[in-house]
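Biologist: I would like to learn how to read a few features of a structure. Please take them one by one.

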Amino acid sequence: MQPRNMSMSGVVDLAAVKAAQEAKAKAEQARAETARQGGGGAVSPADLVIDVDEAGFEREVLQRSAEVPVVIDFWAEWCEPCKQLSPVLERLAVEYNGRFLLAKIDVDANQMLMQQFGVQGIPAVFAVVAGQALPLFQGAASEAQIRQTLDQLVTVAEQRFGLTGLAVDPDAEPGGAQTAPATPAGPYDALLEAAVQALDAGDLGGAVQAYKNVLSEDPANSEAKLGLAQAELLQRVQGLDPQQARRDAAEKPADVQAQIAAADLDLVGGHVEDAFGRLIETVQRTVGDDRDTVRLRLLELFEVVGAEDPRVAAARRALARALF
């Protein structure tokens with residue numbers, strides 16, 4: 001069975017703006033509570049790989065995912081590919097030094113968890129980040145593919161949810177405290193939290209302004225750039241009548257604003273390639289200021305999806321061909 005790799009940044013979770021921000025806020029609250037209760041000790045390398053069953057799933061996976069990305073390895077004793085994959089994951093869990101926690105689930109003993117995750121065959125590898133489940137890959141995979149997927153996972157966990165992982169002490173006794181040290185508040189945490197609160201209240205304008213406030217002081221802040229692009233997208237589609245907007249786009253292929261509005265709706269609906277393709281075709285049909293308007297909107301949508309997404313790379317190449 002060939003691995004089915006999943007890009008961590010590929011889903012425009014518009015979901016993303018709010019769900020990811022809310023999950024990040026909850027993760028920060030959980031870490032603060034752990035620190036208040038006296039947590040913060042380092043774990044031993046042996047504690048980075050754990051066996052999990054249905055009874056301990058909430059505690060060992062869901063709750064821990066507020067501190068560190070939890071990678072789940074669904075396996076069984078009779079599964080030959082599992083016997084090749086599991087040792088690689090265990091070794092990488094130690095090598096990544098606390099950037100993720102590996103939870104091993106025996107599917108024969110935990111059928112309910114297998115069904116809840118929709119596992120169709122094993123080995124199957126998922127992740128849980130701040131309470132959100134993400135499929136990583138299914139079937140055998142090369143170590144290079146596994147490393148690439150894990151690198152994406154830990155990057156997204158850190159950038160979107162603030163999860164920097166667990167502190168690991170090689171000399172610590174196994175089974176010791178398993179909590180990350182409290183992280184000092186960053187210089188823009190209050191402003192970023194204001195953006196989250198504005199999103200919670202449905203105040204997209206307030207969220208946009210809060211992200212702009214961060215960027216005015218720190219133009220390279222990746223979290224604020226992503227949040228601003230997503231919040232502005234939600235703000236733009238908030239007042240649209242989707243049916244009318246799509247009808248206008250179909251009836252007026254030369255209408256730049258109609259095509260831009262439809263592309264925004266495509267992206268909000270998760271149809272990333274449709275949104276990019278629509279605007280690239282519009283670039284091909286337009287000239288002058290109209291073409292530049294479409295090009296700039298397409299670049300904004302690239303920000304929403306993320307520069308590392310392969311669909312963005314493909315669309316950039318298509319845009320270059322359309323322009324030159």
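Biologist: Is Phe57 buried or exposed?

Modeller: First, the ground rules: this is a predicted model, where local features need pLDDT of at least 70, side-chain atom pairs count only at pLDDT 80 or more, and totals for chains, interfaces and linings use all residues. Residues are numbered from 1 along each chain as its sequence is written, and side-chain values use heavy atoms, with hydrogens and water left out. Buried means under 20% relative accessible area, exposed over 50%, and partly exposed in between, with a 1.4 Å probe and protein chains only. Phe57 has a relative accessible area of 9%, so this residue is buried.

Biologist: How many aromatic pairs are there?

Modeller: A pair of aromatic rings is described by the distance of the centres and the angle of the planes. Rings of Phe, Tyr and Trp (its six-membered ring) pair if their centres lie within 6.5 Å; planes under 30 degrees apart count as stacked, over 60 as edge-to-face and the rest as tilted. The count by this rule is 6 aromatic pairs. One of them joins Phe57 and Phe117: the ring centres are 5.8 Å apart and the planes stand at 80°, so the pair is edge-to-face.

Biologist: Which parts of the chain does the pair of Phe57 and Phe117 tie together?

Modeller: Helices (H or I, at least four residues) and strands (E, at least two) are DSSP runs, numbered from the N terminus. Phe57 lies in helix α2 (residues 57-63), and Phe117 is in the loop between α4 (111-116) and β4 (124-129), so the pair ties together parts that are 60 residues apart in sequence. Phe117 is buried, at a relative accessible area of 16%.

Biologist: What kind of pair do Phe74 and Phe126 make?

Modeller: Their ring centres are 5.8 Å apart with planes at 85°, so this pair is edge-to-face. It links distant parts of the chain, with Phe74 in strand β2 (residues 70-75) and Phe126 in strand β4, 52 residues apart. Phe74 is buried with a relative accessible area of 0%, and Phe126 is buried with 12%. Ring pairs link Phe57, Phe74, Phe117 and Phe126 into a cluster.

Biologist: Which strand pairs with β2 in the parallel sense?

Modeller: Two strands pair if DSSP finds at least two bridges between them. β2 pairs with β3 in the parallel sense over 6 bridges, and the bridge partner of Phe74 in β3 is Ile105. Strand β1 (residues 49-51) also runs parallel to β3, joined by 3 bridges, with Val49 opposite Leu102. In strand β3 (residues 101-106), 5 of the 6 residues are buried, so the strand is largely enclosed by the rest of the structure.

Biologist: Which unit do β2, helix α3 and β3 make?

Modeller: A crossover is right-handed if, with the strands pointing away from the viewer, the path from the first strand over the helix to the second runs clockwise. β2, helix α3 (residues 80-95) and β3 make a right-handed β-α-β unit.

Biologist: Where are the buried residues of β4?

Modeller: They lie on both faces: Ala124, Phe126 and Val128 on one side, and Val125, Ala127 and Val129 on the other. In total, 6 of the 6 residues of β4 are buried. β4 pairs with β2 in the antiparallel sense over 5 bridges, where Ile72 stands opposite Phe126. With strand β5 (residues 132-138), β4 pairs in the antiparallel sense over 6 bridges; Val128 has Ala133 as its bridge partner, and Ala124 has Gln138. β4 and β5 form a hairpin with 2 residues between them, and Ala130 in the turn has a positive phi of about 50°.

Biologist: How many residues line the second largest pocket?

Modeller: Rolling a probe the size of a water molecule over the atoms shows where empty space is left. On a 1 Å grid over the protein atoms alone, a pocket is an open set of points where a 1.4 Å probe fits, with protein on both sides within 12 Å along at least five of seven lines; lining residues have an atom within 4 Å of a point. The second largest pocket is lined by 16 residues, and Gln159, Ser222, Leu226, Gly306 and Glu308 lie nearest its centre. The elements giving two or more residues to this lining are α5 (143-161), α8 (222-238) and α12 (288-305).
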